[in-house]
Amino acid sequence: VQVEGYVFELGFAIERAIAVLVVSCPCALGLAIPTVVTIALNMAVTRGILIKNSAGLEKCNHITAVVFDKTGTLLGNLQSVKQTQITAMRFMEETLWAIIGALEKDLMHPIAELLYKEAIKRCDKFLLSGGGVSVQKSTHKVSGTGVSSEVFVSVEGKGKQTSKAYLGNYDFMIQNKIFEVEEYESRIQELNDQGNAVILLAIDDEIQMLIIIDTSSDLRPEAKAVIQHLKLKLKKQCYILSGDHIDTVNQAGKLLDISMDLSLIHISEPTRQAEISYAVFCLKKK
């Protein structure tokens, strides 16, 4: 740019113009930064990424590790129950499924949703509607590894009977001191080694049913590509956070090319906050 014999570079002129604008109207700069942050947060949401606040967005540049929840994140929607095994003859199978449906109704976890849908298929609607099986809501407890509640079950000729039902993984049964659950440990171990999740149903401290779910075939199709991009292109360490049995988590790690000895975090704490806190502790140690 040439003005009355003087030559100015365009960049120099723009810098001075912006400086004058900011000095005369600082509101422009004050509005620009939050506008950019808002746009960035909205763009992240449209891509399935929820960032709770602007401080989190600013820290993204310093991320060195990514922790993935397994079920519902790396795994897609679970499609079907692979196999069931009745271990006691106290109740008919249809009644057992009605109890499972009553326990899992309205829960948002992918396994809970799968079991509720399976219960609808396998038992009479009358049983699920409260006519045959119902849950005592005041005793309904949900943890990271299972659910328990008192249930009312109609028994022909005996009216309604009250029982305590437990539905969850092996660790959940051990925590609740279910009778002789150790007898199933080797069988569950074998199934976990194959990438299956095993859910147990116990009623009044006695195992009634084993439910086997194949989780290895339900990995999201893009999961491995995302992890490879994070590891190879962005040089981030990837971890799996899960309350499932450690062998089931290890199997998912193999399929996703996540090193078992360095890159897996297995958590069985009942609360999500405890899980994340422990995960951060493990990451700092490594």
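Colleague: Why are Glu118 and Arg122 said to be separated by about one helical turn?

Modeller: Because Glu118 and Arg122 stand four residues apart in helix H6, a helix being a DSSP run of H or I with at least four residues, numbered from the N terminus. This is a predicted model, in which local features need pLDDT of at least 70 and side-chain atom pairs count only at pLDDT 80 or more, while totals for chains, interfaces and linings use all residues. Residues are numbered from 1 along each chain as its sequence is written, and side-chain values use heavy atoms, with hydrogens and water left out.

Colleague: What makes the contact between Glu118 and Arg122 a salt bridge?

Modeller: A salt bridge needs a side-chain nitrogen of Lys or Arg within 4 Å of a carboxyl oxygen of Asp or Glu; for Glu118 and Arg122 the N to O distance is 2.9 Å, so the pair qualifies.

Colleague: Which residues are linked with Arg122 in a network of salt bridges?

Modeller: Glu93 and Glu118 are linked with Arg122 in that network. Between Glu93 and Arg122 the closest N and O atoms are 3.6 Å apart, and this pair links distant parts of the chain, with Glu93 in helix H5 (residues 93-104) and Arg122 in helix H6 (residues 110-122), 29 residues apart.

Colleague: How do you know whether Glu118 is buried or exposed?

Modeller: Buried means under 20% relative accessible area, exposed over 50%, and partly exposed in between (1.4 Å probe, protein chains only). Glu118 has 8% relative accessibility, and therefore counts as buried, whereas Glu93, with 35%, is partly exposed, and Arg122, with 31%, is partly exposed as well.

Definitions and conventions. Helices (H or I, at least four residues) and strands (E, at least two) are DSSP runs, numbered from the N terminus.
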